[in-house]
Amino acid sequence: MLRPGVRLTAFALLAAGVGIGQKVLSTKAGLVYFVLGRVSIAGSGPLATGAVTRQLNEGGILFSEAGRAEVLLNSGTVLRIGDRTRIRMDSVDLADTRVSIEAGSAVVTVNELLKLVRVEIHIGGAVVAIRGDGVYRFDADSRDALRVFSGQAEVSSEDRSLKIVAKRGQAVRLQDLQLSRFDRKDSDALQQWARSEER
């Protein structure tokens, strides 16, 4: 159900992926629009490499082996997954998008987050609500599962009993919601790829 005042029935989304100059029509979050290497949707098999337009349904699972993919969450937010990563779309509502990162790594780039639009990432027993434009790195298998390269995120335990705010240059240990600093120059192939595609 859309929140009051938010009527996102249908709109054209300009895909920001490598070499994509086409307009994509979507009424839901979770549109897979670019693939490199071996990436599959559970129950549907492997996706073709290059520009694609495959919608993940609620509960749909996208996973990569040796591959990467770009997923449009809304008109200003892209989620990019790396090798050996598994995500599940918990809600494809454009005004209340929820994604679980079950394994591997992902980068969420927010170029514009409308005031009444909510984007939540569930990872490692915590809920990360993105609160502004920026770049957010998620690593399901790392001690510091969230690193905020830019922007701001509200992080809470699944039962919402604990809550903190993570800002630019801060990493979060999700087990106990402890903050630490990290070097924003740290990079790997996924981070470099995401950076090269940022608009």
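This is a predicted model: local features need pLDDT of at least 70, side-chain atom pairs count only at pLDDT 80 or more; totals for chains, interfaces and linings use all residues.

A nonpolar core here is a set of buried Ala, Val, Leu, Ile, Met, Phe, Trp, Tyr and Cys residues joined through side-chain atoms within 4.5 Å.

**Whole chain**

Start with everything selected. The secondary structure comes to 1 helix and 18 strands. Of the 199 residues in the protein, 53% are buried. Residues 24 or more positions apart account for 47% of them.

**Largest nonpolar core**

Which members of the largest nonpolar core touch the most other members? Select Leu62, Leu79, Ile121, Tyr136, Phe138 and Val155 and show their side chains. These six stand out in a core of 43 residues.

Centre on Phe138. Leaving out residues up to four places away in sequence, Phe138 touches Ile101, Gly104, Ser105, Ala106, Val108, Ile121, Ile123, Val128, Ala145 and Leu146.

Select residues 189-197, helix α1. Its buried residues are Leu190, Gln191, Trp193, Ala194 and Glu197. Turn the view to look down the axis of α1. The buried residues fall within an arc of 160°, so they line one face of the helix.

What covers the buried residues of α1? The cover includes β3 (31-41), β6 (61-74), β7 (77-81), β10 (105-110), β13 (134-139) and β14 (146-150). Colour these strands to see the cover.

Zoom to the start of α1. A side-chain oxygen of Asp188 comes to within 3.2 Å of the backbone nitrogen of Leu190. Then step to Ser187, in the loop between β18 and α1. Ser187 counts as partly exposed, at 37% relative accessibility. Beyond residues up to four places away in sequence, Ser187 touches Gln192 and Arg195.

**The aromatic pair**

Show the rings of Phe149 and Phe182. The count of aromatic pairs comes to 1. The ring centres of Phe149 and Phe182 are 5.0 Å apart and the planes are at 70°; over 60 degrees counts as edge-to-face, so this pair is edge-to-face.

Are the two residues buried or exposed? Phe149 counts as buried at 6% relative accessibility. Phe182 is buried as well, with a relative accessible area of 15%. The cut-off for buried is under 20%.

**Two positive phi angles**

Finish with two loop residues. Select Arg84, in the loop between β7 and β8 (86-93). Phi of Arg84 is near 50°, a positive value in a residue other than glycine. Arg84 is exposed, with a relative accessible area of 60%.

Now select Leu177, in the loop between β17 (170-173) and β18. Leu177 also has a positive phi, near 55°, and is a residue other than glycine. Its relative accessible area is 7%, so Leu177 is buried.

Methods:
Residues are numbered from 1 along each chain as its sequence is written. Side-chain values use heavy atoms; hydrogens and water are left out. Buried means under 20% relative accessible area, exposed over 50%, partly exposed in between (1.4 Å probe, protein chains only). Contact means heavy atoms within 4.5 Å. Helices (H or I, at least four residues) and strands (E, at least two) are DSSP runs, numbered from the N terminus. The arc is that of the directions from the helix axis to the C-beta atoms. A polar contact is a pair of N or O atoms within 3.5 Å; within protein, one must be able to donate a hydrogen and the other to accept it, and residues adjacent in sequence count only if both atoms are side-chain atoms. Rings of Phe, Tyr and Trp (its six-membered ring) pair if their centres lie within 6.5 Å; planes under 30 degrees apart count as stacked, over 60 as edge-to-face and the rest as tilted.
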